[in-house]
Amino acid sequence: MINPNSLCPGCMNEKVTEGKCPKCGYNPDELQNPAFLAPNSVFEDRYVIGKAIDVNGEGVTYLGFDTVTSTTVNIREYFPTGLCERDTDGGVIMLSGSEFSYNEGLLKFIELSKELFKLNEIPALFDVLDVREANNTAYRITRAVPGITLREFLMRNGGILNWDQARSLFAPLVSSIAALHKAGILHRGISPDTLIVGKDGKLRLGGFCIAEVRTAKSSLTSQLFPGFAAVEQYGDTGTQGTWTDVYAFAATIYRTLVGNPPPEATERLENDNMTIPAKIARSTPKAVLETLANALQVLPGDRTPYIEDMRKGLSVSSVQTEVAQHTASAEAKSDYVKPASTADKKKKKNNNKIYALIAFIA
């Protein structure tokens with residue numbers, strides 16, 4: 001078995017020197033949160049614990065290393081804020097009076113993890129490799145894919161993408177989210193923070209949590225993403241469903257095109273003044289704008305109910321739109337011209353070849 005202390009908790013590469021890691025910058029001398037599992041500790045005699053990479057009301061995600069497969073993984077630990085504390089041996093102790101809420105959330109966490117384990121064939125998800133129950137809690141181990149959040153990706157690329165660039169990123173997600181919904185799973189947290197752009201250029205969806213974390217006024221400390229969370233997640237109006245993910249998905253595309261998210265849903269409920277800048281609207285196909293508008297309706301009952309309903313509108317490219325508009329304009333003009341001469345017919349035949357070539361390239 002590999003020596004856990006030989007791995008850098010910040011990147012899970014073998015240490016080349018003591019102190020700050022020259023590869024990732026991890027500094028072991030920095031204070032670690034005592035509530036988290038200790039770096040370089042070993043879980044279940046198999047997984048080496050690294051640094052904490054994500055924390056919310058449901059628990060903590062650690063970078064990890066699987067000593068059996070010699071691969072880097074992510075380890076999600078159910079550790080709900082305010083309901084438990086860490087024991088000296090790394091175990092979890094429920095706080096007095098929180099037993100019901102803790103155990104209810106734990107059962108939901110295990111159920112969600114096992115359901116995700118069954119869906120590893122969905123391409124836009126991170127494969128769930130293992131689900132373990134230990135230390136009075138549970139853990140979900142997923143494959144680690146090198147990449148950065150969509151938020152960081154956009155910041156590195158000028159803040160926005162044009163529609164054709166965005167289309168190539170988001171189109172594959174429609175089928176994956178539809179497959180999730182078919183399996184009865186709602187994400188409730190789709191946003192630039194939970195979408196990861198891998199080094200392979202693919203967009204993947206992470207950040208799965210139980211419903212209470214994505215709902216305000218619940219038994220757990222909630223984590224909503226302003227501008228991307230639908231109004232029903234705030235508990236003010238409507239119920240959550242597939243349309244909740246539709247809203248978040250459309251809001252994420254809106255942010256990608258415009259540069260900022262829509263106003264927070266609760267604000268739009270009082271004063272809905274959301275617009276798309278004219279410059280963006282002119283360069284985006286009408287079908288895309290209409291699809292986003294229908295998916296971003298504030299009230300759940302007015303909104304596009306299923307992600308599949310967005311597929312057709314989001315499949316249109318700017319080039320296709322330009323060719324269609326050009327062809328329609330040419331056909332409109334042909335209704336008012338005199339009958340073509342032999343020379344004109346020959347010229348028109350050559351033009352048709354050019355249009356066919358343009359369509360082929362598109």
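Rings of Phe, Tyr and Trp (its six-membered ring) pair if their centres lie within 6.5 Å; planes under 30 degrees apart count as stacked, over 60 as edge-to-face and the rest as tilted. This is a predicted model, where local features need pLDDT of at least 70 and side-chain atom pairs count only at pLDDT 80 or more, while totals for chains, interfaces and linings use all residues. Residues are numbered from 1 along each chain as its sequence is written, and side-chain values use heavy atoms, with hydrogens and water left out.

**Exercise 1.** Find how many aromatic pairs there are by this rule, then classify the pair F43 and Y47.

*Solution.* Start with the count: it comes to six aromatic pairs. Next, take F43 and Y47: the ring centres are 6.2 Å apart and the planes lie at 25 degrees, so this pair is stacked.

**Exercise 2.** Classify the pair F43 and Y139, and locate both residues in their strands.

*Solution.* First, the geometry: 4.1 Å centre to centre with 45 degrees between the planes makes the pair tilted. Second, the location: F43 belongs to strand β1 (residues 42-43) and Y139 to strand β8 (residues 137-143), so the pair ties together parts 96 residues apart in sequence. Strands here are DSSP runs (E, at least two residues), numbered from the N terminus.

**Exercise 3.** Are F43 and Y139 buried or exposed?

*Solution.* Apply the cut-offs: buried is under 20% relative accessible area, exposed over 50%, partly exposed in between (1.4 Å probe, protein chains only). Both F43 and Y139 are buried, and Y47 is buried as well.

Notes: Helix = DSSP H or I, 4+ residues; strand = E, 2+ residues; numbered from the N terminus.
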